[in-house]
Amino acid sequence: MQTKEEVTEQVRAALVELFEIDPDRITPEARLNEDLEIDSIDAVDLLDRLRRQTGRKISAESFRSVRTVGDLVDAVCTLVQA
Amino acid sequence: MGGRETYLWRIVVTGACFVLFGLGGLVLGLLVLPMLLLLPGDAARRRTRTRSLVQRSFRLFVAVMSGLGGIRYSFEGRERLGRPGQLIIANHPTLVDVVFIVAFTPAPACVVKAALFANPFTRRVVTAAGYTSNFPTDLMIEQAVAALRAGDCLVMFPEGTRTRPGQPLQFHRGVASIAVQAAAALTPIYIRVDQPLLHKFQPWYRVPPRPPRLEFVVGEDIDLEPYRRAPPPRASRELNAWLLSHYEAKLGQAAGYNPVR
């Protein structure tokens, strides 16, 4: 079982390593699309990475409502804690 | 034959070809496919048979189009098409590009626009052939990656839709992303057309003044290894930018491909 802090760290690491984003810009309120310039194709790479990291099957559908970094952390938490 | 003498004839041929395409889709979907499904074999065998059927039908369609004088064409390098896990990409100047590419590729899979899954003339065939819908983007990428990893040969148009004449060439990054993730080989086809033909904003009856000529050239495989060392988002951006400049260089604007007005 992972804590929310651990998941947050995983998500941050994924964003930094995949998209080379300045860690300071990764706040819970940051919007993935508008603020971090992650488009729908990047999202596929991101989900792929999180799948491998968490070992969970993450469906694209379960992330349709994700808008911000905080949403993303919550979505991953729901999956790994289920 | 020159342009004037054949102009009206080519309008008739073009119209007839549209009707033939629609009827062909219906006949295949309603009569031939149900018979194919009766043959023994699992889902994968059936899909392959359907793809083969589409390929043969398109080969016949090409023969009809050129035999009746609607179009002249050349197709160079077809022996390099149809390898397992091969991603075939092409620019998209005309409505009939995919017909030619599928006609000369052994049983390929395709990414096709979502509307074809709703169109009564095409939906049975594209469904039975197991083609991938281009919408939504994330599912398209997942399915295309899965198809390539399963050894399918896949045809995609990086422009996503037909070329808009007079506007800069644009490639969608999804194709580059799929290539980096899963293509065993990435093979470009360069399509040149000597005058505007069934392009994005051209009604079917507005046939070119002279009999049009389409040229298909299969290029050398593009080396993907350098891109696979970078993180996927950067890799797909770099590959996409490279592909775009590669196609611009190969096609130029001289071949009537993308005339600036």
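What is the mean pLDDT of chain B, and what percentage of its residues reach 70 or more? The mean is 91, and 96% of the residues of chain B reach 70 or more; pLDDT is the predictor's confidence in each residue, from 0 to 100.

This is a predicted model, in which local features need pLDDT of at least 70 and side-chain atom pairs count only at pLDDT 80 or more, while totals for chains, interfaces and linings use all residues. Residues are numbered from 1 along each chain as its sequence is written, and chains are lettered from A and ligands numbered from 1 in the order in which they are written.

**Confidence**

For chain A the mean pLDDT is 89, with 99% of residues at 70 or more. Where pLDDT is low, the predicted coordinates should not be read in detail. For the complex, the predictor gives an ipTM of 0.83 and a pTM of 0.91.

**The interface**

Contact joins 10 residues of chain A to 12 residues of chain B, two residues being in contact if their C-beta atoms, placed from the backbone, lie within 7 Å. On the side of chain A that touches chain B, helices H1 (4–19) and H2 (40–54) each supply at least two residues. Helices (H or I, at least four residues) and strands (E, at least two) are DSSP runs, numbered from the N terminus. H2(A) gives the largest share of that side, six residues.

The axes of H2(A) and H5(B), residues 137–149, come within 9 Å and cross at roughly 55 degrees. H2(A) is therefore oblique to H5(B). Axes are lines fitted to C-alpha atoms, for helices over the stretch in contact, with angles from 0 to 180 degrees between N-to-C directions. Angles under 35 degrees count as roughly parallel, over 145 as roughly antiparallel, 65 to 115 as roughly perpendicular and the rest as oblique. From H2(A), A:Ser40, A:Ile41, A:Ala43 and A:Val44 make the contact with B:Thr137, B:Asp138, B:Ile141 and B:Glu142 of H5(B).

**Helix packing within chain A**

H1(A) and H2(A) have axes that come within 10 Å and cross at roughly 130 degrees; the two helices are therefore oblique to each other. In this contact A:Gln10, A:Ala14, A:Leu18 and A:Phe19 of H1(A) meet A:Asp42, A:Asp45, A:Leu46, A:Arg49, A:Leu50 and A:Gln53 of H2(A).

**The sheet of chain B**

Seven strands of chain B form an open sheet of mixed pairing, in the order S1-S7-S6-S2-S5-S3-S4; two strands pair if DSSP finds at least two bridges between them. S1 (72–76) and S4 (132–133) of chain B stand at the edges with a single partner strand each, so one side of each lacks a neighbour in the sheet.

| Strand pair | Sense | Bridges |
|---|---|---|
| S2(B) and S6(B) | parallel | five bridges |
| S1(B) and S7(B) | parallel | five bridges |
| S6(B) and S7(B) | antiparallel | five bridges |

B:Ala90 stands opposite B:Ile189 in S6(B), and B:Phe75 opposite B:Phe216 in S7(B). The bridge partner of B:Tyr190 is B:Val217 in S7(B).
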